[in-house]
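Trainee: Can we go through this one together? I'd like to start with a side chain.

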Amino acid sequence: MAAISPDGLQGDVPLPRPAPTPDGLRQRKAAPAPASESEHADASASSVGDSSDGKCKADVTWGKTPSGVVFRVPQTHSFFTTMLTTLHRSSLTRLTFLSLVAQPALFYLLRNHSIIRSAFFLLYFAFWRGAYDFGFAWLLRKQSEKRWIVRQLKIRGWLDINSESGGQEGREWAKWWKRELEMKMGEGYNWEDVPPEFNAWLMFRQLVDVVLLNDFVSYSCFAWSNLHFPPNHSTTMHIFRWAFGWALIFFNLWVKMDAHRVVKDYAWYWGDAFWLMVMQHDLVFDGVYEIAPHPMYSVGYAGYYGLSMVVGSYSVLFVSLAAHAAQFAFLLWFENPHIDRTYGGSKKPLASRIPLSWAQGSPAPSEIQLEESAPLGESSFSLTPEDAIDAATPAATEGETETEPELPELPANETTEPSIRKPRSDSSYSGTSISIAPTEALSKLGAGYKRPSTRGRARAVSMHDLTHRFFRKPVVVLWRLDVFRANDFALVVLILYAMVTLVPALPSQLALTAHFLHALGWRLFHSYGLGLLLRAQSKSKWLVRHYLKHYHYPGAEGGDAVDGTERETVVKRATEEAFGNWQVGYNISLVMTYVSFAGLAWKTYHLPMDWTVSGTILRHVLGLLLIALHIWAAVSSYEVLGDFGWLYSDFFLTEQIPSQLAYTGIYRFLNNPERSMGGAAFFGLWLISNSKLVLALAVISHLSHWWFLSTVERPHMKRLYGDRLRKDGGLTKTLKSVADKTLSTKAGKHGQDIKRVVQEVRGSIEKVEEKVTEAVEEFLDHARPMFSDMVNDTRILLQQSRERMIITRVASDISSYDASRYSMTLPTGSSVDVPRFHVGQPIGVSWTAPANHSRKDWIGIYRLGSCKSQLVTRISSVGKWMPIYEEEYDGDRPIKNPVNGDESPTRADAGEVVFRGDQLPWAPGQYELRYHHDGKHNVMSRVAPIEIYVNKPTRPSSYREVRSTLLNIVNLSLDSDPTLVPRSVKSANISTVTSCASLAEAGGLSTPNLLSSPKSASSETLSPKKTQAQLPSSPSSNVSLGDLVHCEADADAADEEDDDDIVDGRDPDDFSIMDENQARRITSLCEMAFGVQISVDVVVADANVGVLARRVVGARSLVAASVAKGSG
């Protein structure tokens, strides 16, 4: 094609491509080619793109197919060059040319029917634009993911003139395509000398030319069909409009030409979706790619808007906007994912600790304590290559990519012998950085310097740690909002009050009702909302556990875990943060409760016209006295309680501050002044305002506060202080004493009877109160599991409804297959009847089938009992399935005519599939395996039951056992990926996915080394035999997770669990997380194994087995302490 896009305006290009080679094909930097490739490419390949090596070498470009075949890339030509040379010979070129010429002719013929002409070309343009942005996106996405285009062409026999798969028709098409392509490519190209992938790309290129050219011509015809000269525009405005419009069009043409100069035909026609260059250079952002991000998808469409200005039509403008939006959809749906998939893209681990190497003048990484709060300064740093993760990452570029931030120049180190470190490929630095190695910095301290022990120092600081230290889930707009944080709670309150200001003025009665509801809402929130929160905190440390679940505490990283100091540090910091936020939230609620009540009283208050009528003065005096009494009681209480008691610190700081009872001041006379005088101000405001609404709210407030004192505060005081609580205050004792004396002297012989009756009545009232309280608590305790069961039942119903959303397909020829000749085999222990697998553990299934079985057979995992029929499966596997031959499926759909044909084996077939990752059920329970026929739902064999369990530590309070269990959970949740799992997994002899793969290749059972060495196994259809080494019989058996994770058993070894060799400052318990799905697996398994809830954000922030283990032990200790206090 020419130096610009065939469509002139609409032709597009993927993301910025590498610099072109002299023959017009791009290159990308790659790892050194293997020896087999270099033998094909020889010395000339290494000189591709190097003009100094001579023209003869520079003209040679080498490509490589996905299968590894290296070939010499022929020179390509533009469409215009091809059209001029092959128009009289190529039928395809003639048809394309006629389709383009017919449109201007039709435009002229319809000159007297402007509406019909405009509508026709609009629909015609929409067809070609849809074919480009949606048709090509669909085709190229499938080609990028599954090599779908190449596979379909092979199935039809269009890529081999001697192919048998497409029959005679396929061979005829292959011969036709061979003639066309050899005619258009000219000398240097031979159909048989290039791989089928390159020929498929050339075929696809012909289709691209047809679509893009028709897209451009149809858009131009549509635009000129709507030519309009606005009558209200002056001549100057018309000239400006045309000048600016044509300027945009010429700018568009320059963008296309320059982009084609940079990327050439290889990237222009998405060649990397079919084959790849033997790459030698990094990405280069040259020319137009330095002007704007994604220039071919942004400024490359400026011509749309220029032509809209020229024709002066809003219709053309709106159509141009829609077409441009469709092009961005193409970018997001195909182009970006394809670049990420092919070249590593920008996908980085969600959590990964890469130690930072600090420059001169900054402390060495080994000496940096994460607990220090000193500023980091302006020192530069680089990332060490030893810690690079082997996952695919975007290549470094010579220029700046669209996703790289602009970084300031880093100061060079003033050292004579600097240590030069190569940057990681996923670093935001594109150049080589220089820093002093930690060992060199330590050597400068002198020979007498003693290196600090690993145990006494934290691991080296990483960007991950710094990020989660200084950005602890900050609220961005309303994202990450947590109403249990004081700042977030205040933000919500401000937003609500700001929204109230938008309400229009209300009638007086309605406004008064709104004020009443406003004050009532604050009272209910203060007494019941905060009361229930304090009640949960008193019983189970709920608020502290909320912070343990959702927030990361970097000060707890590293160091010794034996004496429990780190566990205590985690709990202590969570407690302090929870209490700090409680203080602010409680004070806001307290103030707003009184302010809203006073606001209601003010709205209902009317200044008396006559102060002598109906005791007006008396009401005001009594009201003011009650308010003064309330203030005096509050001040007196604060003087005795201080901040500790006023803010309910004994609900939080029972372990940090010793709780003491103080019966001084006002408490010398009253056990709880709030019970009698806590509502005096409310009734005082009622007397002053003389409003029934205020009276009702005062009564509600007093009763609500009485409930708070009786249900929340008093039980907590009994639980905390026990018998030390005083039964009666000084005033109560005095009154009782006076009453006793009065009864003794005045009542005479009836005094004892009256005293007995009073005591009985009082005792009855107290018993009723206790029984009511017990009944309420019992109801809540019973309702909680019922509510949990209801939630679980709802979840199960939703899962079942999702499973039943399936269209069952049944084979019509099932009678010709003998189901007894199908079988599946699972590994099982020698002493157990049921195969058992830990949640997340890969499950290897060996299968056998008769000679006439279909290659589209598949195996699914289902919950036991969910499938009623044993002959046909009528529920969905929800992705928990595996084909026996993966090449027979395109995603979840079987291929109708695969390349290998539908030929059945001539003898009995057998094989093995391994379920792992998302193909496994990640919930414990009983399951079954079903072997299905020919991509349908006929069941040929079953294995049931299969038990999937979660191993729980025998001593949940033991850090060592919790860490061992977590080590296995993290390993399984990360799919045993060696680039993600902790290094301590390897020392614990936990297997990885590679071990399963090696077993599969060796023909053994694909079970991980969590089990002992497998033996050959076979099973009947429904009853697997005991053929493999024994698994733990149950999660609670004597065989603990230590049999799966071989940790040290003695105490001395436990002391060294956190003291493994720290390489480059990295903790061996650190692990990496690629996506949220892996983090969710860890959180769900932690809840199943330990009964502790941890949020995904905390797992990502911690990313360390030891830190998570200490968090789990700390959370469990809170619950255990609460239970112990409650039972005490």
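Mentor: Start with Gln1078, whose side chain reaches the backbone nitrogen of Met1074 at 2.9 Å. That is a polar contact, meaning a pair of N or O atoms within 3.5 Å; within protein, one must be able to donate a hydrogen and the other to accept it, and residues adjacent in sequence count only if both atoms are side-chain atoms. The model is predicted, so local features need pLDDT of at least 70 and side-chain atom pairs count only at pLDDT 80 or more, while totals for chains, interfaces and linings use all residues. Residues are numbered from 1 along each chain as its sequence is written, and side-chain values use heavy atoms, with hydrogens and water left out.

Trainee: Where is Gln1078 placed?

Mentor: Gln1078 is in helix α28, residues 1076–1090. Helices (H or I, at least four residues) and strands (E, at least two) are DSSP runs, numbered from the N terminus.

Trainee: Is Gln1078 buried or exposed?

Mentor: Gln1078 counts as buried because its relative accessibility is 7%. The cut-offs for relative accessible area are under 20% for buried and over 50% for exposed, with partly exposed in between (1.4 Å probe, protein chains only).

Trainee: What is Gln1078 in contact with, leaving aside its neighbours within four places in sequence?

Mentor: Ser973, Leu974, Asp975, Leu980 and Ile1073 are in contact with Gln1078 on that basis. Contact here means heavy atoms within 4.5 Å. As for C-alpha distances, Gln1078 and Leu350 are 9.7 Å apart in space and 728 residues apart in sequence.

Trainee: Another glutamine, then. Which side chain does Gln152 join in a polar contact?

Mentor: The side chain of Arg156, at 2.6 Å. Gln152 lies in helix α6, residues 148–155, and with a relative accessible area of 17% Gln152 is buried.

Trainee: On to helix packing. How do the axes of α7 and α8 cross?

Mentor: At roughly 80°, with the axes of α7 (residues 167–185) and α8 (residues 196–225) coming within 11 Å. That makes α7 roughly perpendicular to α8. Axes are lines fitted to C-alpha atoms, for helices over the stretch in contact, and angles run from 0 to 180 degrees between N-to-C directions. Angles under 35 degrees count as roughly parallel, over 145 as roughly antiparallel, 65 to 115 as roughly perpendicular and the rest as oblique.

Trainee: Which residues of α7 and α8 meet?

Mentor: From α7, Trp177, Leu181, Lys184 and Met185; from α8, Asn199, Leu202, Met203 and Gln206. By class, the contact of α7 with α8 has 5 nonpolar, 2 polar and 1 charged. Ala, Val, Leu, Ile, Met, Phe, Trp, Tyr, Cys and Pro count as nonpolar, Asp, Glu, Lys and Arg as charged, and the others, Gly among them, as polar.

Trainee: And how do the axes of α8 and α9 cross?

Mentor: The axes of α8 and α9 (residues 235–268) cross at roughly 180° and come within 16 Å. The two helices are therefore roughly antiparallel to each other. On the α8 side the contact is made by Trp201, Arg205, Leu212 and Trp224, and on the α9 side by Trp242, Trp246, Asp265, Tyr266 and Trp268. The contact of α8 with α9 divides into 7 nonpolar, no polar and 2 charged residues.

Trainee: Sheets next. In what order do β1, β2 and β3 form their open sheet?

Mentor: The order is β2-β1-β3, with antiparallel pairing. Two strands pair if DSSP finds at least two bridges between them. β2 (70–72) and β3 (276–277) are the edge strands, each pairing on one side only. Strand β1 (residues 62–64) is joined to β3 by 2 bridges, and Gly63 stands opposite Met277 in β3.

Trainee: How many residues of β10 are buried?

Mentor: 6 of its 7 residues, so to speak mostly covered; β10 is residues 843–849. Strand β8 (residues 823–825) runs antiparallel to β10 and is joined to it by 3 bridges, with Ser846 as the bridge partner of Thr825. Another 7 bridges join β10 to strand β15 (residues 909–915), also antiparallel. Ile843 stands opposite Phe915 in β15.

Trainee: What is phi of Arg480?

Mentor: Near 70°, a positive value in a residue other than glycine. Arg480 is in the loop between α13 (463–470) and α14 (486–500), and is partly exposed, with a relative accessible area of 27%. Asp934, not a glycine, has a positive phi of about 55°; Asp934 lies in the loop between β16 (925–932) and β17.
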